[in-house]
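Let's walk through this protein together, one question at a time. Keep the picture in view as you read.

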Amino acid sequence: MPARPGCSAEHDRGACSAEHDRGDCSAEHPRTVVEFLVAVTGDEDGVCRRVRAGEVLLGDGTRVGPATPYGPGASVYLYRDLPEEVVVPGELTVLLHDEETGLLAVDKPPFLATMPRGSHVAQTAVVLLRRRLGLPELSPVHRLDRLTSGVLLLTTRADVRGAYQRMVQEGGLTKTYEALAPTAEHLDLPTVVRDRLVKRRGQLQAAVEPGEPNAETFVELVGTVAPGVGRYRLTPRTGRTHQLRVHLSGLGVPILGDPLYPVVREVPADDFSQPLQLLAQEVRFTDPVSGAERHVVSGRTLPLRGA
């Protein structure tokens, strides 16, 4: 009978443990998550390598081990081998690492995605930090667009993830952004932009549509950095996809360096010369685990320089 796949210590020498040498393995009757993944992918070496590295996770963030039982209908995350990705320039700096509460805050550079998606897998904040810090349960509390820079909060343990994510969902995270955009004499600032934003799958841009408002941003002009270029402070009261970019563009002052608003322009994957001038400058919140008042500030300043 063919041996069942398994990630034992002997696997590195081309052998499976005796425990897995009984019966045959198929995707229909797997006993473990490893057996299921090997049957589906056909890549036993790749699956075992990721399991040993702590990179295979269940839907709740739990690490998959060699003996983790297979559960029909459950979710498991296995990052594929992809063609080598273009390295994103800029430092991903740790601003806060509280081991007691499981909170991590970092200063994300532009062009770096928060989570693996599409062609961005290894060059993402979550994967880079998991590998660098040895934190396989790392997960974002909220997200920043790939082109947006600044403060990003994450949790390092699955047992505290829910508390921080509920805090965000319940409006307990106050975020302040800065942006560089053209000035316009017709604008009466400060102002509140309130509308309905919809981002449909397969479309690059979010769109303003009729209906009940679901997006709100407080917009202030706090100074100028050059003739015709203003520094804006943006305080979102909701968190829709591309909200700040759409709202400033809708006011007639699109954020400098934006390749999507008001019109889409093609940018090569390795072109880091024109970063979006949008910075998540600071966040404030009451820590739901410790009860402490938190204030985390980005070390970056506008204008951001291209590479």
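Buried means under 20% relative accessible area, exposed means over 50%, and partly exposed is anything in between (1.4 Å probe, protein chains only). This is a predicted model, where local features need pLDDT of at least 70, side-chain atom pairs count only at pLDDT 80 or more, and totals for chains, interfaces and linings use all residues. Residues are numbered from 1 along each chain as its sequence is written, and side-chain values use heavy atoms, with hydrogens and water left out.

Q: Is R245 buried or exposed?
A: Start with its place, which is in helix 5. Helices here are DSSP runs of H or I with at least four residues, strands are runs of E with at least two, and both are numbered from the N terminus. The relative accessible area of R245 is 2%, so R245 is buried.

Q: Which residues does R245 touch, not counting those up to four places away in sequence?
A: A contact means heavy atoms within 4.5 Å. With residues up to four places away in sequence not counted, R245 touches D145, L147, I255, D258, P259, L260, Y261, L276 and L278.

Q: How far apart in space are R245 and T148, C-alpha to C-alpha?
A: Along the sequence, R245 and T148 are 97 residues apart. In space, their C-alpha to C-alpha distance is 10.0 Å.

Q: What percentage of the residues in the protein chain is buried?
A: The protein chain has 307 residues. The buried ones make up 44%.

Q: What share of the contacts with a separation of 6 or more is between residues 24 or more positions apart?
A: Take the contacts in the protein chain with a separation of 6 or more. Residues 24 or more positions apart account for 59%.

Q: Which elements do the buried residues of helix 1 pack against?
A: Helix 1 covers residues 33–41, and its buried residues are V33, V34, E35, L37 and V38. Just after helix 1, G42 takes a positive phi of about 70 degrees. The buried residues of helix 1 pack against helix 2 (44–52), strand 1 (57–58) and strand 2 (76–77).

Q: Why does the pair of F111 and F272 count as edge-to-face?
A: A search of the whole structure finds 2 aromatic pairs. Rings of Phe, Tyr and Trp (its six-membered ring) pair if their centres lie within 6.5 Å; planes under 30 degrees apart count as stacked, over 60 as edge-to-face and the rest as tilted. The ring centres of F111 and F272 are 5.1 Å apart and the planes are at 70 degrees, so the pair is edge-to-face.

Q: How many residues apart in sequence are the parts that F111 and F272 tie together?
A: F111 is buried at a relative accessible area of 8%, and F272 is buried at 10%. F111 lies in the loop between strand 4 (103–108) and helix 3 (125–133), while F272 lies in the loop between helix 5 (243–250) and strand 13 (278–286), so the pair ties together parts whose separation in sequence is 161 residues.

Q: What is the phi of F111?
A: F111 is found in the loop between strand 4 and helix 3. Its phi is positive, in a residue other than glycine, and is near 80 degrees.

Q: Is H242 buried or exposed?
A: H242 is found in the loop between strand 12 (229–236) and helix 5. H242 has a positive phi of about 65 degrees although it is not a glycine. At 11% relative accessibility, H242 counts as buried.

Q: What is omega for the cis peptide bond that joins Y261 and P262?
A: P262 has its place in the loop between helix 5 and strand 13. For the cis bond from Y261 to P262, omega is about 5 degrees.

Q: Where is P190?
A: The peptide bond from L189 to P190 is cis, with omega near 0 degrees. The place of P190 is in the loop between strand 7 (174–182) and strand 8 (191–195).
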